[in-house]
Amino acid sequence: MTERDDSATGAPRPEAHDAVMDGVYGALVSDGFADLTMQDIADEAGVSKSLLHYHYDTKQDLLVTFLDHLIERGKARAAEHEDEPAPEHLRNFVEGALVDNDPEDWAFATAVLELQAQAPYDDAYRDQLARNEAFMRDHVADIVRDGVEAGEFRDVDPEAVARLVLAAVDGARTDRVVVDDDTPEVVHDALLDHVLADLETGEGAPATPSAGDGPEAGE
């Protein structure tokens with residue numbers, strides 16, 4: 001992947017980078033992945049297509065950079081919740097991933113599912129999506145590990161719990177995109193009733209959920 005700028009580092013200026021990343025998001029929501037063009041992204045970002053091609057050799061390069069951008073944004077959102085007790089943090093994560101979404105979020109999830117379908121045939125997409133998945137697993141495992149260490153959760157394998165939670169979240173989100181049913185809400189309740197309740201030691205009442213730090217649709 002090639003990113004260029006006039007600076008010595010070769011990276012786009014922060015303000016240009018942020019505008020382009022917002023443009024990718026907006027274009028994916030509006031046009032989906034299959035019909036996405038560099039012109040669509042340029043129009044959403046308010047820049048010229050030639051500027052995009054100056055910074056990124058191909059649309060694939062730009063989308064791989066965008067996936068990396070989602071990781072960085074996920075890290076920032078996770079940091080906003082790092083001081084919460086683990087039960088509240090995990091509850092907020094599930095809430096944000098499954099029920100704290102609007103139609104735009106689900107349109108983005110649809111585009112990401114289209115992109116994920118290319119991963120078996122495209123090393124660049126597969127590698128970046130694997131990095132995104134590893135970040136999410138580590139994030140949820142860290143929440144569980146913090147809860148175990150604080151005595152808020154019983155002694156469990158944090159990595160195994162993280163995989164279970166994310167598999168349930170990913171499956172529910174895919175069902176919502178493909179068949180447009182209420183699976184996310186049902187899985188949300190099941191995760192709280194059967195996974196989080198099982199983890200908690202029973203000390204103290206569950207915290208009320210606030211705005212979650214769940215993944216971007218499909219991350």
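Mentor: What follows goes from the chain as a whole to helix H2 and one of its residues, Asp43. Please keep in mind that this is a predicted model, and that the values are computed from it. The protein chain has 9 helices and 0 strands, so that its pattern, read along the sequence, is α-α-α-α-α-α-α-α-α. Of its 219 residues, 43% count as buried, while the accessible surface of the chain comes to about 10600 Å², with 49% of that surface belonging to carbon and sulfur atoms. When contacts between residues at least 6 apart in sequence are considered, 72% of them join residues at least 24 apart.

Turning now to the part itself, helix H2 covers residues 38–45 and includes Asp43. Within H2, the residues Met38, Asp40, Ile41, Ala42 and Ala45 are buried, whereas Asp43 has a relative accessible area of 54% and is therefore exposed, given that the cut-off for exposed is over 50%. On the surface, Asp43 gathers with Asp31, Asp35 and Glu44 in a patch of negative charge. Just after H2, finally, the backbone at Gly46 takes a positive phi of about 75°.

Definitions and conventions:
Residues are numbered from 1 along each chain as its sequence is written. This is a predicted model: local features need pLDDT of at least 70, side-chain atom pairs count only at pLDDT 80 or more; totals for chains, interfaces and linings use all residues. Side-chain values use heavy atoms; hydrogens and water are left out. Patches are made of residues with over 30% relative accessible area and no salt bridge: like charges are joined within 9 Å, nonpolar side chains (Val, Leu, Ile, Met, Phe, Trp, Tyr) within 5 Å. Accessible areas come from the Shrake-Rupley method with a 1.4 Å probe; for residues, only the protein chains shown count as cover. A salt bridge is a side-chain nitrogen of Lys or Arg within 4 Å of a carboxyl oxygen of Asp or Glu. Lys and Arg count as positive and Asp and Glu as negative; His and the chain ends are not counted. The place of a charge is taken as NZ of Lys, CZ of Arg, CG of Asp or CD of Glu. Helices (H or I, at least four residues) and strands (E, at least two) are DSSP runs, numbered from the N terminus. Buried means under 20% relative accessible area, exposed over 50%, partly exposed in between (1.4 Å probe, protein chains only). Contact means heavy atoms within 4.5 Å.
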